[in-house]
Amino acid sequence: MGGTKRRPYGSTAKTRQMVLAALGVVKVATAEQIRQLMCPGTASAQTVRNGCLDLRRDGLVESLGSASRTNAAGNLVTEKLWNLTGPGLEAAAAVLDRPAREMGGTARGAARSGAKHALKVTDTIAAFLQTPPEPTRPVPRKEAQPATTALSNAPAGNDTDAAVLATQVRPQGLGQIGSWTTEVVLPVSGTLTTPGKNSPRADAVLTAPEAGVPVMFVEVDNGTENPVVLSYKASRYREFFRRTVKSPTGSPNPYARPAEKPFPMWETLYGPLGREGYPPLAIVFTKQVGAAAMNNRINRVMRLTETHWAGRYREFATSYGSDERDGYTDYTDAVPILVTTLDRLREHGPLGPVWFRFGHPTWQILTDALDNPDDERAFNRRRRRRDQLREQQRELEEQRRERERQEERERWAAQEAAAEAAREQSDPVCQECHGPLESSPFEYDPQEEEAPPADGVHCAGCRIQLAEPTGRFGRVIRRLVNGDERYPRR
């Protein structure tokens, strides 16, 4: 493509802005890395190179070093490293809409030394972003341009083959280029501009609240540091997270009492998380080693950092006087440490099952890795469930007791009704003498033995009297007792 007197390399304003934005964040990168960060749909990195060359004529970028890599064919490829100049930092701040004081340095020293670690940080950010490729129309060129691909080990080919490969569907990414900052100082003491000794410097910081990640600190491990060094970094992060300051918003009332609880410093910089604990620390291992070697390194780092991520277990009795115990893990002073590899990020993206959180049993997606399944929320859910079960048991027991009380009341009512009916029914009387028809069961009555059988209408005495006498003596007795008119008394 032909250029102009002002832009001899023919770059567009959009391309130059993409270069400034990328270098404003990662500070140093090759043209291919910038392509992966900003425009992976282009057939080759020559579009980015043209933008860098035009910006160099303006004094905004420079190339002070180079980096080498081995391509898929096994050949050593050397690429220029690009970084911003002082005026370039200000131009990048305008593109990213950031204060110039937050842009950091120009990374000139890193560029001169080959920037091995910085390049891995750039690769990590590109793996997080997974910028969707936008295919472009092929541009006729006088000379064939070397094809570039998304990965350093992709097969070489012409521009058309590279374009087809670049436009393949990528996994979903996380954030945008403006969501990232690199080489961020986290002062455990002092200020942001003059931090205290042993203050950590995060390789990269992601702020993507729109994606559910208010802030994530990223450490890139090239395999050159001892696991003890990584564990020391984790302790420094924890010290920074523990640092508190006064509330950033003062009360308009001069007589108002100061807040009883100090404010976390990290929250004044990045805002609240919306969940318990500190922001997550993600460690990305970039060195390609065997599975056993990688597992050993991860396990070693996990053991050395256990005091920083494990949390504190709190145990309680499930009820008063019960021997049953339950509890939860308190993560308010724990740093969630997540690990992954650069290859996993490239293949599955940051939202895939690429994260192993220390203390969790398996590889998980990001939302599950950031969750605390054994925290106080889970304990409260179990406690509410236990309370519901106890309430149901109390209700069932009360219903059972009420049924028993009701049955007892019904039995007493039936007995009372029978007794009342018995009381209300009059005792039968003798039709002859109108006395009791039957003698008392508690007193012996000899007449019952002498009387004729009961007829239901006369008592024993009347039955004896009404019985027909069978002898003279009986008739005499009848006349004397009954006063028979046929035999009147004299």
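The model is a predicted one, in which local features need pLDDT of at least 70, side-chain atom pairs count only at pLDDT 80 or more, and totals for chains, interfaces and linings use all residues. Residues are numbered from 1 along each chain as its sequence is written, and side-chain values use heavy atoms, leaving out hydrogens and water.

Helices are DSSP runs (H or I, at least four residues), as are strands (E, at least two), numbered from the N terminus. On the α1 side the contact (heavy atoms within 4.5 Å) is made by Met18, Val19, Ala21, Ala22, Leu23 and Val26, and on the α2 side by Ile34, Leu37 and Met38. These residues divide into 9 nonpolar, no polar and no charged; nonpolar covers Ala, Val, Leu, Ile, Met, Phe, Trp, Tyr, Cys and Pro, charged covers Asp, Glu, Lys and Arg, and polar covers the others, Gly among them.

Of the 14 residues of α1, 11 are buried, so the helix is largely enclosed by the rest of the structure. Buried means under 20% relative accessible area, with a 1.4 Å probe and protein chains only. Among the buried residues of α1 are Thr15, Arg16 and Gly24. After α1 comes Lys27, with a positive phi near 75°.

Helix α4 (residues 86-96) has Gly88, Leu89, Ala91, Ala92, Ala93 and Leu96 buried. Its buried residues pack against α1 and β3 (76-84). Asp97 follows α4 and has a positive phi, near 60°.

Leaving aside neighbours within four places in sequence, the contacts of Trp180 include Val25, Phe128 and Val218. Val218 is also touched by Thr124, along with Val220, Val284, Thr286, Leu342 and Leu345, not counting residues up to four places away in sequence. Thr124 lies in helix α6 (residues 116-129) and is buried, with a relative accessible area of 1%.

Definitions and conventions. Buried < 20%, exposed > 50% of the residue type's maximum accessible area, 1.4 Å probe, protein only.
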